Every structure is written in C-alpha cells, then in structure tokens.
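Subject: Handover of a structure and the findings made in it

Dear colleague,

Please find below the structure that I am handing over to you.

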Amino acid sequence: MSVQSMQETVARISKRTLQRPLTQAELEKIAPTRDERLFLVLSIFIGVLSGLLVVSFRIAIEWIKILTLGSAPHAGQFRLILVPALAGLVVAALVQLVFPAARGSGVNQTKAALYIYNGYISFKTVIGKFVTAALAIGCGHSLGPEDPSLQIGAGVASMVARRLNLSRQRLRLFAPIGAAAGLAAAFNAPISAILFVIEEVIGQWSAAVLGSIVLSAISSVVVARWFWGSEPIFRIPPVTLRDPRELIAYAVLGIVGGFAALVFSKSLGYLRPRLRALPNWTHYCQSGIAGLLVGLIGFFGFAQVMGPGYEVIDQAMHGQFAWKLLLALALLKILATTLSFSSGTPGGMFAPTLFIGAMLGASVGSFEKLFFPHLAGTVGAYALVGMGVLFAGFLRAPLTSVFMVLEVSGNYSIILPVILANMIAYLLSRALQPVPIFEVFTHQDGLELPSMEEAREESELHLEDAVHPVDVPIIKGQQTIGEATQALTAARASALLVSPWDGSWYAMSAAELTAASATSTPDTPIERVLPAERVPILFPDMPLDSALHYFQRWPVLPVLNRAIRGKIEGILTQDDVLHCYHEH
Amino acid sequence: MAVLQLRSALTPEERQLRQKLILRDSLALLSLFAIVIVLFFITLALFHSFSVHRQELAQRWLTRGENALRAGQPLIAIDALRSALAYAPDDENMQIELAEALAAASRTEEAVAYFNTLLEGRPGNGMINLQLARLAAKQGDEANALDHYQAALDGTWEGDGYVRRREVRLELAQYLIDRKHFDRARNQLLIAAGNAPDDVNIELQIAGRLETAQDPANALHLYKKGLQHRPARLTALQGAGRTAYALNHFLQAKQYLERTLNHPDFEKQPAEAQAQLRNMLSDADHILLMYPGPELSVRARTERILGNKKIAQERLADCLSSKTTVPPALQTMADRWQQLPARLRLLQLEEDPELEQTIMQLVYHTEQVTSQQCGSPTGDDALLLKIAQAPEAVEQ
C-alpha cells in the first residue's frame with residue numbers, strides 16, 4: 001500500500017468519525033469538562049424555555065376557559081354541562097390514540113423518567129401534555145396546571161439535554177432541573193418549587209444538581225414574573241398572629257385538614273383503580289362522564305369548583321364567602337377532583353389541593369370568628385394556612401408546605417401557625433393513611449418508584465452502632481517489637497494498634513508482627529518496621545458502610561473521638577459491621 | 001498549563017473532533033437561543049392579547065354590575081362584580097361595590113366578612129367602616145355600629161372627605177334618633193351644624209333632623225337661618241312654623257304658618273300635610289285670641305281672663321262629676337277655686353292685677369291637673385293647656 005493510499009484511508013476514516021455522533025468515551029477524552037460547563041448554561045436555557053412554555057400554558061388555559069365556558073361561568077348555564085363533557089371525550093380520545101404518556105398529573109411521570117427511562121421524556125409527551133391538560137382544565141375539569149407544568153419543564157429539559165448529546169448520568173439529572181423550572185413558573189414561587197422537587201422527585205439534597213435546579217427555577221420565575229408580575233398567583237391579605245391563643249384555632253384547622261386529606265386520598269385511592277380496571281373502550285368516555293358530572297355540580301350552583309379555581313381561592317382569602325358555603329365548596333371540590341383525576345384526564349393535583357385547603361381554612365376561620373371571636377385572626381390567614389395544611393396532609397411534602405405558605409405570603413409572622421397546623425395535618429394523615437398519595441398512584445400504575453417519604457425516614461446506621469470497646473493491645477511507636485509480641489500474646493488478640501509519634505494509628509495483624517520479628521531484632525522500635533500508610537480516620541457519626549471497604553486492608557479499625565485528638569472511642573472489625581446490619 | 005498538556009495529549013484527529021464539537025455545541029446553543037427568542041415573542045403576543053381582553057372583560061362586567069346595583073338587582077350585581085374582580089382583582093372600588101351588593105342582597109354575613117377583610121387591608125378607610133356600621137345597624141348590633149360610625153368619622157376618605165364625614169355624621173344622627181338616643185343625636189347634629197357651610201339645603205337637612213331629635217329650639221334657629229336665603233323655601237317656612245308652634249311661640253308660629261300657607265308651592269303639598277299646617281295656624285290664632293297678653297287693653301285682657309276662668313271651671317266641674325271618688329289633686333283644685341270670690345266683676349278684676357295673675361295661674365293649673373286626672377282635653381281646654389306649658393312664650 002502506497003503512502004498516498006494510506007493517507008486517503010486515514011482521511012476517509014477521520015471523515016466518517018467526524019460525521020457520526022461521538023461516544024461518551026471519546027467525549028470524555030477530547031472535552032472532559034464539557035458536560036459540567038454545559039450543565040449550568042443549559043440550566044438557564046431550560047429555566048427560560050420552561051418559563052415561557054408555562055406562561056403560554058396558563059394563557060392557553062385562560063383563553064380556552066373564556067372561549068368555551070364564557071367570561072363568567074355561573075350556575076344554570078347549560079354550557080357548564082356540555083363543555084366539560086365534550087372536552088373530556090376529545091381529551092380521552094387524544095390520550096388513548098395519540099398521547100398515551102400525557103395521562104395523569106405529571107409528577108409520577110417525571111419520577112419515572114428520572115428513575116426508569118434515564119431522564120427521557122419525548123417531545124410528543126410535552127406537546128400532548130400541553131394540549132390535553134390545557135383543554136381539560138380550560139374546559140372546567142377540576143384539575144390544576146402545576147403538575148403538568150412540572151412535566152412540561154422536565155420534558156423541555158430532556159429534549160435540550162438530548163440535543164446536546166450529554167452523558168446518560170447528566171441526562172437523568174436534567175429531568176428534575178426542568179421539573180423545578182416548570183413548577184417554579186407555575187407557582188411563581190422558586191423556593192417551594194426547588195423544595196418540592198428535592199422532597200418529592202429526587203428525595204435527597206445532592207450538591208451535583210442543586211445549583212442547576214436553583215438556576216433553572218430562578219430563570220423560569222424571572223420569565224414568569226416578567227409577564228405576570230411579582231405578585232403571587234393569589235392576592236394575599238395582611239396576615240398576623242395577634243394572640244397566642246389563636247394557635248388553638250390553627251391546631252383545630254390542622255386536625256380538620258388532616259381528616260380532609262384522608263378523605264381526599266381515600267376517594268382517589270378507591271375510584272382511580274376501579275375506573276382503570278374497566279374495559280378499554282370505557283377509557284374513551286370516562287373523562288367525558290367525569291366532565292358531565294363536574295359540569296352538573298357547576299350547573300346546580302357551584303361553578304366555583306370547575307377549573308383550577310385560583311380566583312375562588314382569592315375570593316375566599318378575602319372573606320367573600322360565608323363558612324357554610326366554603327365548607328360545601330371544599331367537599332364538592334374533593335368530589336369533582338376525584339372524578340376528573342380518576343378518569344385519567346390529564347391535569348394536576350396541586351391547584352385542587354390548594355383550593356380545598358383554602359376553603360377549609362377560610363371556613364374554619366370564619367366559623368371561629370363567628371362563634372369564638374377572641375380566638376380567631378383574619379380569614380385570609382386561615383385560608384393561607386389551610387392551603388399549607390392540605391399540602392402537607394395530602395401531598396405529604398411537609399417542608400415544601402411550610403415554605404410555600406411563607407413564600408406566597410411574604411410574611412414570616414405566620415410561621416408558627418403554619419408549622420403547627422401543617423405538622424398536625426401531616427402526622428394525622430400519616431397515621432391514618434401510611435402510604436402517600438403519589439406512591440398509591442405509582443403502585444396502581446404498576447411502577448416501582450422509590451418512596452421519598454420512606455427514604456426520608458430510613459434510619460441510617462452509623463459506626464457508633466457497631467463499635468465495641470478496645471480489646472486489642474495498644475503499643476506506642478517507640479516500643480520494641482519484643483514488647484509488642486509480648487503484649488499480643490498476653491491479650492490473645494489477632495491484631496494490635498500502634499500509635500506512632502505523629503498521632504496517627506496503624507493496625508497491625510499478628511501475621512505482620514511475626515513477619516517483622518523475622519526480619520528485625522526484638523529490640524527494634526516497632527515504628528521502624530511500619531509502612532508509610534496509616535489507618536483511615538473514622539468518627540462515630542460516620543455512615544456504617546463507609547468503613548466496609550477498609551477491611552480488605554486492615555484487620556481492625558480504630559474509631560476516634562472528634563473532640564479529643566488521638567482518643568479512641570472504640571474499635572471496629574468486619575464482623576462487627578456485618579453483625580450490626582444483621583441486627584437492623 | 002493543564003490545557004497545553006491536554007492539547008499535546010490529543011492527536012490531530014482528536015483536535016479536529018474537538019473543534020467540530022465546539023462548533024456543534026455553539027450552533028446548538030445558538031439555535032436554542034433563537035428558539036427562546038421566537039418563543040418569547042409568541043408568548044408576548046399571546047400575553048398582550050390576553051391582557052387586553054382581560055381589561056375589556058373587567059370593564060364590561062363592572063358596568064353590568066353597577067347597572068344591576070342601580071336597578072335594584074343586587075344578586076345579578078354580585079355575579080357581575082365577582083366576574084369583574086376575577087379579571088381585575090386589585091381594583092379597590094370594585095371590591096367595595098361587591099361588598100355593597102352583598103349587603104344589598106341581604107347576604108349580610110358574607111358582606112360583613114368581606115368588608116372585615118377589606119378593612120384589615122385598609123384599617124382607617126372611612127367608606128369600609130361606614131358600610132360595616134350600616135351592616136351592624138342592620139344586624140341590630142348597636143355597639144358595633146356606633147364603633148364603626150365613629151371610625152368612619154375619624155377615617156380617611158378619598159377626595160371629598162369633608163362632605164362625606166358630614167354625611168356620615170348625619171347618618172349616625174339618624175341612627176341615634178331611630179334608637180331614641182336623642183341627646184347623642186343632638187350632639188352629632190350640633191357638631192354637623194357648627195361645621196356646615198352656609199348652604200340652605202344643609203341647614204334645612206340638619207334642622208329637620210334636630211326637629212326629629214326633639215330639639216325644636218336649635219331646629220328653629222337653623223330654619224330661621226335658612227329663611228335668610230331668598231327666595232324663602234317652603235320647607236324652611238313649614239319647619240319654622242312647626243318648631244315655633246312646638247316651642248309655644250304661637251305668635252311666631254302664626255307668622256310663619258301664614259307665610260307657609262301663602263307660599264306658591266303650598267298647594268303642591270300632600271293634603272294631610274296641608275290640613276295639619278292649617279290646623280296649627282288655626283290653633284295659634286285661637287291661642288293668641290285667648291291669651292291675656294300684656295299688650296292688650298285692660299278691658300280686653302280682663303274679658304279674656306274671665307272667659308278662660310269660665311272654661312277652666314267648667315272643665316274642673318266635668319272632671320269632678322266623672323269621678324265617683326274625688327282624687328286629692330282635684331279636691332285641692334276645687335278648694336282653691338272656692339277660695340276665690342264667688343262673683344267677679346270686670347271692674348273688680350281690672351283694679352286688681354294680682355288677682356288677674358292668680359286666676360290665670362289657677363286656670364293653667366286646672367288644665368294641667370284635669371288633663372292628668374281626666375285625660376287629654378279638647379277644644380279651648382286643649383289650647384289653654386298649650387298656653388299653660390309656657391305662658392310667657394306665647395307672644396315671643
């Protein structure tokens with residue numbers, strides 16, 4: 001083969017290489033920091049894109065509502081029955097025939113994308129979710145736009161990351177980044193969105209992804225606020241805690257909220273699997289029938305329960321309803337949302353949860369104000385706390401629920417009632433319904449996604465759980481090999497701990513000591529025969545699994561005191577660790 | 001240094017790949033940027049059209065709500081104003097109108113809750129306090145109503161605060177009158193009168209309320225003030241006549257009532273009101289004919305005294321005859337009459353002014369005692385009783 005032909009061959013191979021997508025190994029070699037740098041830049045792009053899409057999504061919902069239900073839907077209009085029923089039929093057909101992945105709220109779908117599909121959400125799913133959810137919510141189905149926004153954001157992130165050929169690990173991380181952006185734009189509350197994604201989607205504080213989540217959430221909120229303004233989605237009246245006795249009233253609200261969350265969860269948990277188990281042809285009309293029933297509720301006097309109901313939350317927060325009407329609205333919203341969601345209509349649970357919470361809160365507040373005026377504060381404060389209460393009790397995101405109320409109210413003085421009521425509702429709901437609602441849906445869908453609540457409550461084992469008192473000889477570095485041998489023999493131990501002059505530790509096995517005795521005289525100081533390496537520094541509060549991989553090298557590991565340098569709290573052997581795992 | 005090492009570690013092919021990758025990434029980012037720009041303008045266009053439409057809807061529903069409220073259809077107004085607020089949630093006037101509609105529809109509980117929430121946002125707002133006062137008054141919660149009326153008086157008002165505070169004060173006075181708290185009502189009305197401008201309408205309005213609050217003296221003062229404006233108003237003349245009559249200033253009452261009856265608008269008054277005023281004038285005339293005023297000639301005065309004496313004695317006799325057992329007060333009166341000379345001649349009386357005075361006092365006292373013992377008198381006895389209440393005021 002001539003030189004020229006060789007050069008041609010190399011050039012041909014090079015050209016082919018340049019045209020095909022690069023493998024991850026090639027990318028790692030030629031641009032090792034590319035993923036990391038793109039990750040942050042793309043987080044901002046994802047935030048902006050998600051923000052724009054979510055704003056468009058909300059406008060689409062409002063336009064559809066005005067065009068189909070009219071600018072002021074009210075009881076007695078026949079369109080209230082017809083529109084959600086017809087929209088349900090159209091949406092069901094779209095979901096069954098064109099966008100099967102658009103079904104449901106979006107939270108579990110995003111979790112599934114993260115844990116099962118390597119962060120993959122198709123463009124078709126994003127479009128499907130946008131169209132079907134906007135149509136259903138705009139036409140009066142009792143669902144909200146937040147969870148779909150979360151999935152739309154995650155979908156945008158997935159598409160962007162795929163286009164840039166990022167690693168699988170990075171691709172997987174983009175889903176929660178987009179989810180946070182979508183939710184932040186929908187809520188106009190970045191902290192709550194970040195916390196929710198961490199609490200419910202990722203389940204842990206991961207430094208690798210936290211920065212990007214924050215960047216994307218803030219970018220999307222900046223975009224949303226550019227359009228909607230910096231005000232929260234509902235106007236917040238002044239809220240204060242005037243008298244500590246009011247906390248009694250808020251505690252009552254927590255109890256009421258806990259039971260309401262139970263009723264809501266049980267209703268969904270009962271109806272949804274039964275409707276799903278019906279023959280396939282019924283899935284084409286379930287949304288339509290649900291729409292018809294929701295429409296009937298609206299037609300016969302409670303049009304407020306249709307759609308997401310933000311303006312009704314706003315009205316309740318500003319004391320426009322009497323307590324009996326508020327209570328009726330809360331109960332009917334539970335019914336309407338159960339029907340809409342169980343029928344498989346795409347749409348979220350956040351807005352209905354906030355709606356029910358606000359109605360219950362305002363109802364309890366109005367009732368107490370009427371009958372126990374010295375106990376109650378403003379109705380708006382109760383509505384606000386009520387939203388957090390149901391968020392904590394139903395969605396089981398206690399941290400998010402507290403920060404959500406603080407963030408939307410912009411008022412720290414409400415912290416005590418919020419924490420008290422939310423925690424009561426959360427604990428009550430947990431005691432009465434051990435499995436959180438999103439996990440119930442996951443099981444109903446036949447998926448096995450990690451439970452964030454269980455993960456939060458798993459008690460991690462630490463070294464202190466396995467450590468036992470020092471039962472091996474401890475020798476100073478200056479002591480001789482003979483003394484060490486004598487001490488080991490006397491203790492009948494299999495290893496000893498040596499403390500060299502620098503305060504470090506060395507764990508020497510009996511075999512090592514025998515080998516040292518064979519090559520050195522008995523009066524040789526033991527530190528002269530020690531190799532350079534030392535045992536790892538371990539403390540009692542470290543995770544138990546952190547010690548496991550050291551036992552291949554060391555027969556025994558000293559566990560040190562964090563406060564007193566050089567002091568040993570106890571020692572650890574492989575058997576100790578395994579025994580501890582057996583015990584728990 | 002690290003970069004140089006990396007560069008040196010790459011083969012020419014890999015370097016070419018790297019450049020290609022950088023180019024591809026840059027193009028991808030640029031295309032993303034372009035997508036963002038395009039999507040931004042699409043969203044902006046959508047948002048703009050949506051915002052404009054929202055404003056139109058808010059205005060449309062507000063107009064409908066206001067029209068319904070004016071037409072006395074508060075239920076329709078509530079729906080319309082709620083719809084308007086859904087599109088313009090921060091409009092404060094709209095919020096107050098909605099609460100007013102709730103109150104007008106007798107959905108008092110909802111209205112109170114709504115106004116209370118509005119008040120929490122604007123604690124010193126005079127209009128909201130006024131509405132809450134009205135609702136509390138409607139619910140019969142007097143203490144709360146008075147608190148909110150006071151807060152409305154002390155509160156802030158937009159633009160025409162001076163006028164609105166006076167209106168609130170007059171409304172509060174009317175509320176106090178309705179609750180029979182005349183003293184407190186009088187205080188509010190006198191404050192209002194003290195701060196009122198020189199406007200006949202306001203003077204007459206306050207005078208009317210003072211009259212209802214059983215303060216004819218101050219009412220008469222304001223009616224007189226109102227009559228200083230030309231042309232004289234029928235309302236002012238009527239009020240002055242009525243209050244002068246109530247104060248037993250029968251001479252003044254006669255003058256005002258005569259002017260009232262001669263006023264061109266008098267015939268347009270309801271027949272009942274006309275009859276009432278005519279009766280008052282007739283009574284005033286009669287009283288002035290019966291009253292033995294000091295400006296009369298001695299003879300004329302003596303004749304009137306003897307006439308009055310005869311009327312009173314007959315009234316006493318009738319009263320005594322109607323009783324099976326004579327009450328002590330009547331017996332005392334009869335004894336006092338017995339102490340007078342049995343027959344009184346004109347000359348005798350003309351020469352004894354003290355006797356004249358004693359007789360007239362006995363006449364007045366007789367009419368008062370008999371009205372207590374034998375019920376309200378009629379005819380001349382009734383007129384004498386009126387004189388008896390303040391004889392010195394008759395010719396004021």
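This is a predicted model: local features need pLDDT of at least 70, side-chain atom pairs count only at pLDDT 80 or more; totals for chains, interfaces and linings use all residues.

Residues are numbered from 1 along each chain as its sequence is written, and chains are lettered from A and ligands numbered from 1 in the order in which they are written.

The chains

Chain A has 24 helices and 5 strands, whereas chain B has 19 helices and 0 strands. Helices (H or I, at least four residues) and strands (E, at least two) are DSSP runs, numbered from the N terminus. Of the 584 residues of chain A, 53% are buried; of the 396 residues of chain B, 36% are buried. A residue is buried if 20 or more other C-beta atoms lie within 10 Å of its own, exposed if 12 or fewer, and partly exposed in between, with C-beta atoms placed from the backbone.

Two residues are in contact if their C-beta atoms, placed from the backbone, lie within 7 Å. Among contacts in chain A between residues at least 6 apart in sequence, 79% join residues at least 24 apart. In chain B, residues 24 or more positions apart make up 52% of the contacts with a separation of 6 or more.

The nonpolar cores

A nonpolar core is a set of buried Ala, Val, Leu, Ile, Met, Phe, Trp, Tyr and Cys residues joined through C-beta atoms within 7 Å. The largest one has 250 residues, of which Ala180(A), Val197(A) and Val385(A) touch the most other members. Helix α3 (residues 34-69) of chain A gives the largest share of this core, 16 residues. Apart from this core lies another, of 28 residues, including Ile481(A) and Trp505(A).

Leaving aside neighbours within four places in sequence, Val385(A) is in contact with Tyr250(A), Leu253(A), Gly361(A), Val405(A), Ile414(A), Pro417(A), Val418(A) and Ala421(A).

A sheet in chain A

Three strands of chain A form an open sheet with mixed pairing, in the order β1-β2-β3. Two strands pair if DSSP finds at least two bridges between them. The edge strands, each pairing on one side only, are β1 (474-476) and β3 of chain A. Neighbouring strands of this sheet are turned by 35 degrees against each other on average, direction ignored.

β1(A) and β2(A) run parallel and are joined by 3 bridges; Lys476(A) has Ser499(A) in β2(A) as its bridge partner. Strand β2 (residues 495-499) and strand β3 (residues 506-509) of chain A pair in the antiparallel sense over 4 bridges, and the partner of Ala495(A) in β3(A) is Ser509(A). The hairpin of β2(A) and β3(A) has 6 residues between the strands, and Gly503(A) there takes a positive phi near 90 degrees.

A helix pair in chain B

The axes of helix α4 (residues 92-104) and helix α6 (residues 126-138) of chain B come within 11 Å and cross at roughly 10 degrees. Axes are lines fitted to C-alpha atoms, for helices over the stretch in contact, and angles run from 0 to 180 degrees between N-to-C directions. α4(B) and α6(B) are therefore roughly parallel to each other (angles under 35 degrees count as such). Ile96(B), Ala99(B), Glu100(B) and Ala103(B) in α4(B) meet residues of α6(B), among them Met127(B) and Leu135(B).

Two loop residues in chain B

Most residues other than glycine have a negative phi. Lys180(B), in the loop between α8 (161-178) and α9 (182-195) of chain B, has a positive phi near 65 degrees. Lys180(B) counts as exposed because 10 C-beta neighbours lie inside 10 Å. Gln214(B), in the loop between α10 (200-212) and α11 (216-227) of chain B, has a positive phi near 60 degrees. With 14 other C-beta atoms within 10 Å, Gln214(B) is partly exposed.

The interface

39 residues of chain A are in contact with 33 residues of chain B. On the side of chain A that touches chain B, the largest share, 10 residues, comes from α3(A).

Conventions
Angles under 35 degrees count as roughly parallel, over 145 as roughly antiparallel, 65 to 115 as roughly perpendicular and the rest as oblique.
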